[in-house]
Amino acid sequence: MITQVVEPGADPAGHPASVLPAANRPCGASTSQLRLQRLALLALSAAILIVFCIISLLIGARPVAFSTAFDALFAYDPVSAEHIIIRDYRLPRTLLGLLCGAAFGVSGALIQAATRNPLADPGILGVNAGAAFFVTLAVGLFGFHAVSSHLWFAFLGAITVTLLVYAVGSRGRDGATPVRLVLSGVALSAVLGGIGSSITLLDPLAFDSLRLWSIGSLAGRNMDVASTVAPFIVCGLVLSLCVTPSLNAIALGDDPSRALGVNLVQIRILVVIAVTLLAGGATAAAGPIGFVGLMVPHVVRWFTGPDQRWIILFTILCSPILLLAADIAGRLVLFPGELEAGIVTALIGAPVLIALARRTRAGGL
Amino acid sequence: MTEPNHNPSPVLRNRVIVRVARSGPIDFGRRVAAIRLFGGRLSMRADLRSLGAGSILLLLAGVIGTVSLASGKFPIPLVDVFRALLGTTDDNIRMVVVEWRLPRLLLAFLLGTALGLSGAIFQSLTRNPLGSPDIIGFSAGSYTGALVVILLFSGGYYATAAGALAGGIVTAAAVYLLAYRGGAQGFRLIVVGIGISAMLGALNAWMIRQADLQIAMSAAIWGAGSLNGLGFEQFWPVLLMLILIVPFVLVLARPMRQLELGDDAAMASGLNANRLRLMLMIGGVALTAIVTAAAGPIAFVSLAAPQIARRLVRAAGVALVPAALTGGLLLTAADWGAQHGFGVQLPVGVMTVSIGGLYFLWLLLREARQ
């Protein structure tokens with residue numbers, strides 16, 4: 001079974017020892033064993049995700065039995081109140097949790113890998129700032145107070161501003177280097193944030209709408225919201241799976257990755273498009289829940305090591321777990337009231353992050 | 001093979017020696033003035049470009065400051081502004097210029113300097129252009145402290161300042177202690193900082209949402225950072241604290257450069273990396289704490305000033321003094337805009353992000369053209 005014994009630090013197969021994760025590098029484990037171990041972990045994450053999806057359908061202000069929920073999905077009775085709750089409230093909410101969770105997480109992993117910056121979150125390219133700015137404009141200048149109208153404004157803002165950030169960041173001889181992209185994102189976000197907050201601080205109505213929107217929540221979104229953003233998020237996910245292998249080369253630095261035959265410009269453009277679709281769609285639907293994208297890739301990296309393919313795969317499964325868990329916990333803490341998922345995500349995610357940061361040897365990118 | 005020894009000739013020993021680099025395809029280094037005094041017993045090197053940029057920044061701050069002293073609801077001719085400063089005008093003009101407008105102007109410049117310095121420290125510590133005192137959770141913590149005071153106890157200026165200080169310092173200490181395991185390694189510090197900041201941010205968002213709209217808005221104005229209504233009674237404590245802290249930070253500037261090489265390299269050259277990092281962090285947090293207590297968490301200056309200054313002096317890394325001066329200029333200009341730009345007094349934090357962000361964008365675009 002064991003073909004080659006891998007000693008830490010000296011690898012007879014010629015792979016640099018650092019490719020193996022520090023946390024999962026027991027003496028004498030072969031690469032095939034490692035792969036099995038990771039596949040098992042992947043299956044475990046998928047199982048946990050499914051369990052959380054089911055819990056998310058059952059729990060809420062009015063708990064529903066498992067059999068009733070099953071009936072609501074497959075033998076729908078339009079008269080039963082519980083069926084209506086499942087179909088019209090819990091199902092879109094769970095689907096949004098899945099979609100937005102994966103979208104936030106993967107966009108975070110992508111942007112951290114592409115900019116080689118562990119502090120980068122999906123909002124770094126201006127997604128959140130753009131979405132918030134357009135929502136502010138919609139409320140403050142045009143008087144759209146309905147939450148449903150915010151969706152398209154947020155999405156439009158996210159796309160416009162990300163494109164602007166890329167346009168600024170990619171000017172010049174070297175093109176869109178990671179640092180320039182990050183800095184232009186920060187600068188443009190700041191300008192929009194400043195203009196936005198001067199509007200909200202002078203207009204109480206806009207302030208009131210925005211303080212709710214900026215928390216981020218899965219509640220109160222119907223199936224239309226989910227089906228509107230789903231195509232964008234799915235496209236974004238497919239696109240990110242396509243660029244992932246090249247991200248491993250990009251992690252080595254610009255010049256080495258060019259030497260390995262990666263078309264840097266092309267990959268960066270694809271990453272920006274993917275991040276815009278993912279984070280833009282998710283922010284439009286659920287509001288800015290940036291912490292998922294910032295944290296999950298870090299946590300995942302400690303288990304998988306620096307291979308982006310594993311990181312993205314695990315992130316797709318683990319981010320919705322976090323978001324759904326936060327959403328479910330938010331329904332329970334103030335029962336029968338609710339706490340927004342945007343708040344709970346940070347409250348339950350951060351302690352996990354800190355505990356892991358203390359336990360494991362912290363790994364860079 | 002040994003390097004030839006470049007002893008300065010005896011004739012030049014007491015003069016300012018300027019090594020001039022030729023412009024051309026080959027970079028011969030930066031123009032540096034070596035200042036030797038007392039027969040070489042006291043010597044220092046000063047980067048000419050930094051000196052030039054620093055003087056221009058100071059000059060600009062002076063010009064904007066003068067304009068700012070002259071403008072307001074009661075416009076005063078520039079001549080009278082100077083005469084008021086020298087004490088040769090009538091009492092009314094003197095009161096407006098010296099007692100009303102001057103402390104606010106001086107505070108804006110000083111607080112900007114403090115923010116620029118602390119930003120430079122944290123960007124050097126984390127070796128990351130996104131580094132700022134925020135990463136250690138100070139801003140989020142001070143906002144939490146202030147929100148608790150404003151929303152629960154409806155406290156005034158000093159109570160809010162005390163709450164912000166307490167919140168910020170407790171948070172920063174918690175982040176440092178949680179990240180400490182045989183030394184606060186830079187990356188772990190960042191991750192723990194993100195975590196704690198995110199938790200407090202969630203708490204803040206929740207408090208803002210629960211509060212009455214009017215109270216929430218006044219809390220948000222504090223949160224943006226504002227110099228409205230500040231006078232000499234706020235200026236003197238700030239000045240005193242800065243006089244105590246700034247020299248302490250500037251002394252650490254040289255070992256800070258060593259630390260930028262990485263922990264291993266710094267320790268190999270005889271540096272106690274963990275102790276230095278702790279001291280730098282204490283300095284940086286103290287600087288931010290002063291600003292937060294006086295004017296609220298003014299955003300973006302500490303993030304943008306070091307990066308803008310780096311581009312102005314074309315330095316390889318972040319530089320403390322140019323960053324401080326850039327911060328001072330940025331906040332002075334922003335405060336002028338916040339007072340007079342829109343007819344209503346906006347919180348200065350709103351303007352710093354707009355002005356600083358626009359200028360930063362322009363710098364990035366100009367850099368790209370070259």
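Visitor: What is the mean pLDDT of chain A?
Guide: For chain A of this predicted model the mean pLDDT is 81, with 90% of its residues reaching 70 or more.

Visitor: Switching to the largest nonpolar core, how many residues has it?
Guide: It has 219 residues, and those with the most contacts inside it are A103(A), V135(A), L111(B), I290(B) and L331(B). The largest share of this core, 16 residues, is contributed by helix α3 of chain B, residues 91–126.

Visitor: What does L331(B) touch?
Guide: Leaving aside residues up to four places away in sequence, L331(B) touches a set that includes A108(B), F109(B), L111(B), G112(B) and L115(B), as well as I298(B), V301(B) and V348(B).

Visitor: Now the helices: at what angle do α8 and α11 of chain B pack?
Guide: Helix α8 (residues 232–251) and helix α11 (residues 273–295) of chain B pack at about 170 degrees, with their axes 10 Å apart; α8(B) and α11(B) are therefore roughly antiparallel to each other.

Visitor: Which residues make the contact?
Guide: Among them are V238(B), M241(B), L242(B) and I245(B) on the α8(B) side, and A286(B), L287(B) and I290(B) on the α11(B) side. By class, this contact of α8(B) with α11(B) has 10 nonpolar, 2 polar and no charged residues.

Definitions and conventions. Residues are numbered from 1 along each chain as its sequence is written. Chains are lettered from A and ligands numbered from 1 in the order in which they are written. This is a predicted model: local features need pLDDT of at least 70, side-chain atom pairs count only at pLDDT 80 or more; totals for chains, interfaces and linings use all residues. A nonpolar core is a set of buried Ala, Val, Leu, Ile, Met, Phe, Trp, Tyr and Cys residues joined through C-beta atoms within 7 Å. A residue is buried if 20 or more other C-beta atoms lie within 10 Å of its own, exposed if 12 or fewer, and partly exposed in between; C-beta atoms are placed from the backbone. Helices (H or I, at least four residues) and strands (E, at least two) are DSSP runs, numbered from the N terminus. Two residues are in contact if their C-beta atoms, placed from the backbone, lie within 7 Å. pLDDT is the predictor's confidence in each residue, from 0 to 100. Axes are lines fitted to C-alpha atoms, for helices over the stretch in contact, and angles run from 0 to 180 degrees between N-to-C directions. Angles under 35 degrees count as roughly parallel, over 145 as roughly antiparallel, 65 to 115 as roughly perpendicular and the rest as oblique. Ala, Val, Leu, Ile, Met, Phe, Trp, Tyr, Cys and Pro count as nonpolar, Asp, Glu, Lys and Arg as charged, and the others, Gly among them, as polar.
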